[in-house]
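Please take a look at the sequence and the model shown below, and keep both in view as you read.

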Amino acid sequence: MYAQEVKSTGKGIKSLDEMEPDERAFQEKIDANIKIEPKDWMPEGYRKNLIRQISQHAHSEIVGQLPEGNWITRAPSLDRKAILLAKVQDEAGHGLYLYCAAETLGVSRDQMTEQLLAGKAKYSSIFNYPTLTWADIGAIGWLVDGAAIMNQVPIQRCSFGPYSRAMIRVCKEESFHQRQGYDIMMKLAAGTDEQKEMAQDALNRWWWPSLMMFGPPDAESVHSAQSMAWKIKMNTNDELRQKFVDQTVPQAEYLGLKVPDDDLKWNDEKDGYDFGEIDWAEFYEILKGNGPCNKERIGARQKAWTDGEWFREGLMAHAKKREARKVAAE
Ligand code: BYC
């Protein structure tokens with residue numbers, strides 16, 4: 001099976017015959033769906049690729065708190081506020097599981113944080129857009145968490161044990177997040193004309209950026225072929241994007257909202273929707289740091305780091321004192 005995949009990707013990935021014995025044994029474990037654990041032997045490329053993907057994923061969870069956190073103080077009711085607060089706290093938890101999973105591969109959380117604060121680390125493009133109205137909170141839960149689930153459910157089966165286990169809990173929580181977002185959209189779509197307009201406007205602004213979350217088209221994806229051979233990724237970017245469109249369009253119809261794509265059309269032959277061209281120039285500009293909120297997001301994380309210095313120092317002082325007491329007692 002692996003050899004066939006290699007032929008079809010044609011991206012210079014070694015076949016089993018070309019591998020050194022260690023590497024071949026490793027690939028055979030992956031092909032047999034045996035999990036790789038942190039202390040197992042692994043190729044350096046596998047370790048690096050995992051650190052790259054998991055740390056980007058962790059940063060996305062942490063930066064992802066900012067657009068929604070923006071509305072906690074302005075949620076329209078006490079219930080909505082409590083729900084949003086819980087959701088945003090969950091995202092912090094997801095970031096922490098993921099940083100821990102990456103740490104098992106030999107990178108420290110401080111190193112990852114440093115890279116984020118220096119603007120060197122990537123995080124999901126979606127979090128560089130502003131949340132202008134309360135309907136954006138609905139659209140994020142529905143579309144952004146919906147896209148996240150589509151991407152992360154398969155990663156529960158990925159080859160690296162700590163990452164796959166972290167994804168199990170994350171996906172359970174993401175389901176609640178998606179439902180809370182859709183619930184907000186249902187209320188607004190069934191509300192006054194003004195509320196319905198607000199819901200439509202949020203869908204108009206979040207639809208295309210949500211499709212970009214799945215990454216560049218397969219033909220331009222740098223990592224897909226190797227990541228799929230190593231089961232770090234279980235599907236290609238375009239496969240998941242298509243599944244997301246097919247799942248989400250009927251949900252928009254149920255809300256009575258229009259997906260902002262004139263080329264959207266059911267295709268019987270492929271048993272899925274055809275959809276319009278994504279503005280990849282916009283996506284790559286965001287990756288370069290030129291999105292509407294890139295500077296604001298990194299600025300907010302830098303400020304949180306500086307403001308939290310006294311707290312980190314306090315924790316360290318306490319830990320050192322405890323350690324000294326332990327040594328004295330021995
Ligand atoms: N944004 O070779 P490719 C969440 C980069 S959190 C920015 O296809 P890969 C949530 C890519 O990193 C959502 N960059 O990459 C949180 C690579 O650059 P480098 C995050 C992107 O890794 C709070 C280059 O483009 N989810 O849902 O094979 C509240 C070439 O791409 C993006 C995850 O991280 C993007 N959208 O595939 C609510 C899931 N797309 O590294 C919700 C785990 C691509 O060479 N990650 N790039 O400099 C993945 O599944 C994969 O990493 C991706 C990209 C599908 C995202």
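Predicted model: local features only at pLDDT ≥ 70, side-chain atom pairs only at ≥ 80, totals over all residues.

Glu-173 is buried, since its relative accessible area is 14%, where buried means under 20% relative accessible area, exposed means over 50%, and partly exposed lies in between (1.4 Å probe, protein chains only). Arg-169, by contrast, counts as partly exposed because its relative accessibility is 49%. The side chains of Glu-173 and Arg-169 meet in a salt bridge, with 3.3 Å from N to O, and by definition such a bridge is a side-chain nitrogen of Lys or Arg within 4 Å of a carboxyl oxygen of Asp or Glu. Both Glu-173 and Arg-169 belong to helix α8 (residues 161-189), where they are four residues apart, about one turn of the helix. Helices (H or I, at least four residues) and strands (E, at least two) are DSSP runs, and they are numbered from the N terminus.

Residues are numbered from 1 along each chain as its sequence is written, and side-chain values use heavy atoms, with hydrogens and water left out.

How many salt bridges does the count come to by this rule? The count comes to 17 salt bridges, and one of them joins Glu-91 to Lys-87, whose closest N and O atoms are 2.7 Å apart. These two residues lie in helix α5 (residues 78-103), again four residues apart, about one turn of the helix, and both Glu-91 and Lys-87 are buried. Another salt bridge links Glu-285 with Lys-288, and here the closest N and O atoms are 2.9 Å apart. Glu-285 is partly exposed because its relative accessible area is 31%, whereas Lys-288 is exposed because its relative accessible area is 60%.

We can now turn to the ligand. Of the 34 residues around the ligand, Gln-56, Lys-122, Ser-221, His-223 and Lys-233 come nearest, and a residue is counted as near if one of its heavy atoms lies within 4 Å of the molecule. A polar side-chain atom of Arg-52 lies 2.9 Å from an oxygen atom of the ligand, and a polar side-chain atom of Asn-151 likewise lies 2.9 Å from an oxygen atom of the ligand. From Met-213 it is a polar backbone atom that is involved, at 3.2 Å from a nitrogen atom of the ligand. On its own the ligand has 1000 Å² of accessible area, and the protein covers 90% of that area, as computed by the Shrake-Rupley method with a 1.4 Å probe. Which elements give two or more residues to the shell around the ligand? They are α3 (44-63), α5, α7 (134-155) and α12 (280-287).

Some single residues deserve a look at their backbone angles. Most residues other than glycine have a negative phi. Asn-33, however, has a positive phi of about 60 degrees although it is not a glycine, and Asn-33 lies in the loop between α2 (21-31) and α3. With 57% relative accessibility, Asn-33 counts as exposed. Asp-271 likewise has a positive phi, near 55 degrees, in a residue other than glycine, and Asp-271 is found in the loop between β1 (265-267) and β2. At 56% relative accessibility, Asp-271 counts as exposed.

Strand β2 (residues 272-274) contains Asp-274, which is partly exposed, with a relative accessible area of 30%. Although Asp-274 and Gln-242 are 32 residues apart along the chain, their C-alpha atoms are separated by 8.6 Å. Finally, Pro-76 is found in the loop between α4 (65-69) and α5, where Pro-76 is exposed, with a relative accessible area of 55%.

How values were computed
Polar contact = N/O pair within 3.5 Å; in protein donor to acceptor, adjacent residues only side chain to side chain.
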